[in-house]
Amino acid sequence: MDIKVDESTCTGCSLCKNVCMYDAVEIINCKAAINDNCVFCGACIDVCKFKSIEITGLQDKNLDFSNYSGVMVFLETLDGAVLDVGYELSSEGRKLASNLGVTLSGVLIGNNVKENFTQAFEYGLDKIYCIDNPVFSNQIDDIYAKALVQIIDKYKPEIFLAGATSFGRSLVPKVAAIIKTGLTADCTALAIDEEKKILLQTRPTFGGNVLATIVTKDARPQMATVRPHVMEKKKTGITGTGDLGTKVEFIDIDQSKFKTKYKLISTEKEAGENINITDYDVIVSGGRGLGGSDSFALLKELADLLGGVVGASRAAVDSNWISYPHQVGQTGKTVNPKLYIACGISGAIQHLAGMQTSDLVIAINKDPEAPIFKIANYGIVGDLFEVVPKLIRKIKMGRGLE
Amino acid sequence: MIDIKIIVCIKQVPGTTEIKINPETNTLVREGIETVINPFDTYAIEEGVRLKEKLAPLLSQTGEEVETIALTMGPPQSGEMLKEAIALGIDKAVLLSDRAFAGADTWATALTLAEAIKKFDDWKLIILGKQTLDGDTGQVGPELAQKLNIPFIGYTSSILDINKNRMTIKRLMEDRYETFEIRLHAAISVGKDINIPRVPSLRGKLRARNETIPVWDKNYLNLDQSQTGLEGSYTQVIRIFMPEHHYEVKMLDGSPDQQVDEIYGRLKELNIV
């Protein structure tokens with residue numbers, strides 16, 4: 001395996017050198033030369049206008065995967081209820097399954113989760129495989145992994161999707177490692193290659209500055225985690241699923257074989273505070289311009305009115321004005337709400353990386369040069385302490401609250 | 001005799017602030033060449049050093065010792081980053097470097113790291129940053145743990161208690177903290193809420209300067225090229241491209257009242273208020 005430059009066609013134009021993030025391309029005597037820093041990411045191959053670069057020596061194993069069929073999605077539950085991302089995956093999985101002409105199944109594991117069946121089928125599932133057992137009362141990685149491996153081994157889906165939640169991102173790599181297959185993290189777009197009928201998995205890297213499309217070769221299922229809120233959940237309109245009996249398959253497990261190495265001692269939630277900011281459609285975020293922890297009460301008032309939650313920039317978190325779970329950005333959470341209101345946030349690239357895919361961004365900042373205004377849909381150069389209370393008042397008046 | 005080894009897995013990454021997009025060609029332009037320790041890995045290093053500081057006095061009562069080891073897989077110049085880890089208080093470092101390791105996805109990376117870790121006796125705990133700045137997957141930790149058949153706790157926000165055989169550890173999930181007790185061996189990943197990393201000490205820097213970093217290649221790890229790097233990977237990047245961000249920025253003029261009216265009107269249209 002090697003990466004080679006065809007010197008007869010290379011013009012030494014430096015496009016490849018500029019695109020390489022690993023400093024692996026040098027221009028020597030007007031020709032590109034690739035050094036040992038190369039990680040074979042392929043960025044130079046894509047950018048080359050002369051098709052001068054290729055990776056050689058990679059053999060297509062042409063393995064036969066005809067015994068794998070169908071799309072399977074993981075319906076992650078928390079406290080007995082399926083998370084929205086499970087339905088988002090069902091809707092997305094429906095498209096993929098229809099494209100491939102295969103069935104779409106959901107995996108539902110938990111304790112007392114039967115209540116979810118009716119709703120789950122509204123998003124296009126053909127089948128649900130369910131393990132309903134008290135050992136799955138909590139999100140424990142090793143036993144969930146074991147259960148998923150059993151189900152995947154038995155039903156052999158060609159595609160397996162799970163939410164890129166905290167649990168999903170911890171659990172599914174374990175599953176992929178046991179099954180020995182590829183896993184693509186945190187996808188934001190999925191499609192089927194029309195010719196090869198394989199899954200094209202697109203995901204952001206480098207803090208969202210670059211998108212990479214990834215395929216799984218030589219192994220099945222093709223596994224991916226998908227960011228919550230990226231795919232649209234959409235009811236198919238087919239309700240009255242009627243006889244759940246044939247559409248739900250209960251899988252009995254031998255409880256004695258599901259002993260965990262993780263002893264859960266306690267679970268605590270932050271009292272009166274929503275820290276699960278990725279789960280909200282509206283985020284009102286504060287930065288350095290807030291000036292102190294007290295000012296977050298103002299943002300919370302606005303967030304509450306909008307049915308949203310409070311976020312923060314790194315500067316605000318590092319100043320201990322608000323706790324870390326609220327942090328948006330590269331070292332915090334990546335969010336994509338319908339509405340993101342940035343108050344007193346200048347918009348460092350690391351912050352933008354965590355929120356630039358929000359549907360609508362409103363930025364309020366004193367500094368007209370603040371980078372946040374480059375990506376905001378609406379920008380207000382002004383004092384947040386003047387603008388936010390006015391907006392709160394306006395909303396309250398509109399609702400007849402004032 | 002070292003009785004407990006704490007292994008910290010780190011990675012050298014390009015600093016993202018250096019990446020800019022040339023608007024004419026829509027391609028990436030890196031200005032200057034800067035590589036850094038993956039930011040999350042700095043918390044992993046610090047946690048490793050702190051655990052040693054905590055465990056060493058306890059273990060010394062029974063004449064036992066604890067050692068921290070930084071491990072990375074990467075090109076030869078990653079050795080410099082390992083020296084930085086030593087300057088930050090890590091005892092030893094090993095570089096896994098081989099042309100055959102290049103292009104590894106998370107699976108192949110985890111396999112190579114696992115084989116290297118098996119070379120150490122008496123390792124008890126593996127600490128990783130929760131994800132890297134470049135790949136951004138967070139998958140190597142749990143895949144590595146699975147290959148070693150040990151528990152993995154991601155998003156660790158604090159280690160409440162630890163001794164030679166077990167630890168009590170808290171992880172941050174979306175809406176809650178969970179506290180677990182697990183037996184060692186184990187692997188954990190950490191984020192920025194676990195500690196505040198120290199700056200390198202002068203003594204550490206001096207020690208780092210004199211340290212020779214051993215380099216292990218695929219032969220030393222008894223790995224075949226087909227198991228490592230791009231060839232040993234199940235996933236393959238087939239296309240890299242720039243996201244198309246179309247930001248239509250509208251700066252709102254007028255008095256604050258007018259600005260708020262316009263925003264309110266827009267929110268109303270979108271049925272948000």
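I take helices (H or I, at least four residues) and strands (E, at least two) as DSSP runs, numbered from the N terminus. I keep in mind throughout that this is a predicted model.

**Entry 1: chain B overall**

On that basis I counted 6 helices and 15 strands in chain B. I then looked up the extent of the C-alpha trace of chain B, which spans about 75 × 40 × 40 Å along its principal axes.

**Entry 2: two helices of chain B**

I turned to helix H2 (residues 78-87) and helix H5 (residues 202-210), both of chain B, whose axes come within 7 Å and cross at roughly 145°. I noted the crossing of H2(B) and H5(B) as right-handed. Which residues meet there, from H2(B) and from H5(B)? I listed Lys83(B), Glu84(B), Ile86(B) and Ala87(B) on the side of H2(B), and Gly204(B), Lys205(B), Arg207(B) and Ala208(B) on the side of H5(B). Sorted by class, this contact of H2(B) with H5(B) has 3 nonpolar, 1 polar and 4 charged residues.

**Entry 3: where the chains touch**

I next looked up the contact between the chains, which takes 92 residues from chain A and 77 residues from chain B. Which element gives the largest share of the side of chain A that touches chain B? I found that H6(A) does, with 9 residues. By class, I recorded 48 nonpolar, 25 polar and 19 charged residues on the side of chain A that touches chain B.

Within E15(B), I identified Met251(B) as the bridge partner of Gly379(A).

**Entry 4: helix H6 of chain A**

I went back to H6 (residues 166-179) of chain A, which has 14 residues and reaches 21 Å from its first C-alpha to its last, close to the 20 Å expected at 1.5 Å a residue. Why do I call H6(A) largely enclosed by the rest of the structure? I do so because 12 of its 14 residues are buried, the cut-off for a buried residue being 20 or more other C-beta atoms within 10 Å of its own. Among the buried residues of H6(A) I noted Phe167(A), Arg169(A), Leu171(A), Pro173(A) and Lys174(A). Finally, I checked what comes after H6(A), and Lys180(A) follows with a positive phi, near 65°.

How values were computed: Residues are numbered from 1 along each chain as its sequence is written. Chains are lettered from A and ligands numbered from 1 in the order in which they are written. This is a predicted model: local features need pLDDT of at least 70, side-chain atom pairs count only at pLDDT 80 or more; totals for chains, interfaces and linings use all residues. The expected span of a helix is 1.5 Å times one less than its number of residues. Two residues are in contact if their C-beta atoms, placed from the backbone, lie within 7 Å. Ala, Val, Leu, Ile, Met, Phe, Trp, Tyr, Cys and Pro count as nonpolar, Asp, Glu, Lys and Arg as charged, and the others, Gly among them, as polar. Two strands pair if DSSP finds at least two bridges between them. Axes are lines fitted to C-alpha atoms, for helices over the stretch in contact, and angles run from 0 to 180 degrees between N-to-C directions. A crossing is left-handed if the near helix is turned anticlockwise from the far one by less than a right angle, and right-handed if clockwise.
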